[in-house]
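Subject: Structure handover

Hello,

Here is the structure for you to take over. Please open it first, then read my notes.

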Amino acid sequence: MPTAWVARWTQGSGGPVIALGSDIDGIPKASQTPGVAYRKPMIDGAPGHGEGHNSGQAVNIIAALAVKDLMQREKINGTLVLWPGVAEELLAGKAYMVRAGMFAGVDAVIFTHVGDNLGTAYGPGSGTGLVSVEYTFTGESAHAGVNPWRGKSALDAVELMNQGWNMRREHLRLSQRSHYVIPDGGDQPNVVPSTARVWYYFRETDFENIRLNFEIGNRISEAAAMMTDTTVTRRVLGYAAPQMFNRPMAEAAGANIALVGLPTWTADEQAFAKAVQRLAGGAETGLSTTLRGVTPPQPAPTNGGSDDIGDVSWAVPTISINYPSNIPNLPGHNWVNAIAMATPVAHKGVIAGAKVVAMTSLDMLLDRSLLDRAKADFAEQGRRQKYEPLLRPEDRPKIEMNGDVMARYRPELRKFYYDASRYPTYLDQLGIKFPELAPTAAR
Ligand SMILES: [Zn+2]
């Protein structure tokens, strides 16, 4: 994976190994200027951030630097590891990292994810796991006007597969969620499409039902191929295990969350948040002022989303800490979700998150019984359920996936990289006076 890396620092020998992770990627077509409460792409059509993953590494780097200083001053043995969640929006990174042994020898993973409050959770995650799979149909082209009977339409096969899946949906468990896009639907109307591709996410809440829905999808794809005299192949593009978070670690983090608390927001920050909520059609409640803290396991999933931190949670005792760098009530996977990044809202949230990560890392380094209890909880989790990813040995990360888009936009994006030697903040570089609630005539 060309954008993956691991940073590691060790003091002494025999100390615990604590790995700090956070996702780094964005989504297509979400380019947006931060700090302004109106639509203003930085580059039309370019990828952008649809959650605020661009704030996560700052949380972990600040925490790691602070803990490193304390480890040196207090002569605490241990290892700190920093790692990125690559291509999380495609669920295309962490299952491969786990399979490649990246977490071998790691004692605990403290993961962070941008949110609108300060909190963590233990037990089964509130969301789903999934398998991401692309079906490619191959037929035969023909002149669609002159000899349509000579053609075998791969697009017909895609449409029949989708029709089949959409009928079948009603007869699946309520906990499933599934969606598709058609990356290739043919070239032009007068050519019977000889190839077509459809890309599915099959989401469910446990390993078995992810696999069962994947198998149903595979059968429907084969049936669609049969109906159209085309052929079908499939490729697994990503996988996310259902999540299982560590209770002793979550409780340790919870005590730190209570100590750190939410940032104190200014009137300007609240006015900005409400303007963005109005823009997005969300409830205008402003920034969170009631601390979330530790969420116990929910009786039923409350969220259909996935994160491949699930895979890591089956390899190492793991928690995920949400930090308050974003605005509540936004749609998610939308350009509005990154407006708060680079503003004082995001910066305050990052500092709060970094404090919790640093304090919890220190707890893990200093309190052997906490580490032992975390490992016992993890062992118990493994006795109840086995990690069963759907990756076959021949499945490899599809690192070429966004190659075309990035080749097209990277030169344009580069012009917007932050130059810390010239500007004290990124908003200064962009010439934005926070909070900018409406377009100004000058620009
Ligand atoms: Zn995310």
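Below are the findings, starting with the domains.

This is a predicted model: local features need pLDDT of at least 70, side-chain atom pairs count only at pLDDT 80 or more, and totals for chains, interfaces and linings use all residues. Residues are numbered from 1 along each chain, as its sequence is written.

**Domains**

The protein chain is assigned domain 1 (7-125 + 242-429) and domain 2 (129-240). These bounds come from an automatic or database domain assignment. The domain centres, taken over C-alpha atoms, are 33 Å apart. In the contact between them, 18 residues of domain 1 meet 18 residues of domain 2. Contact means that C-beta atoms, placed from the backbone, lie within 7 Å. On the domain 1 side, nine of these residues are nonpolar, three polar and six charged. Nonpolar covers Ala, Val, Leu, Ile, Met, Phe, Trp, Tyr, Cys and Pro; charged covers Asp, Glu, Lys and Arg; the others, Gly among them, are polar.

**Sheet**

Four strands form an open sheet in the order S8-S9-S7-S10, with antiparallel pairing. Strands (E, at least two residues) and helices (H or I, at least four) are DSSP runs, numbered from the N terminus. Strands pair if DSSP finds at least two bridges between them. Strand S8 (177-184) and strand S10 (231-240) are the edges, each pairing on one side only. Strand S7 (residues 129-138) runs antiparallel to S10, joined by nine bridges. Tyr135 has Arg234 in S10 as its bridge partner.

**Helix**

Helix H3 (residues 154-168) lies across S7, S8, strand S9 (195-204) and S10. Its angle to S9 is about 20°. Axes are lines fitted to C-alpha atoms, for helices over the stretch in contact, and angles run from 0 to 180 degrees between N-to-C directions.

Best regards

Terms used: Two residues are in contact if their C-beta atoms, placed from the backbone, lie within 7 Å.
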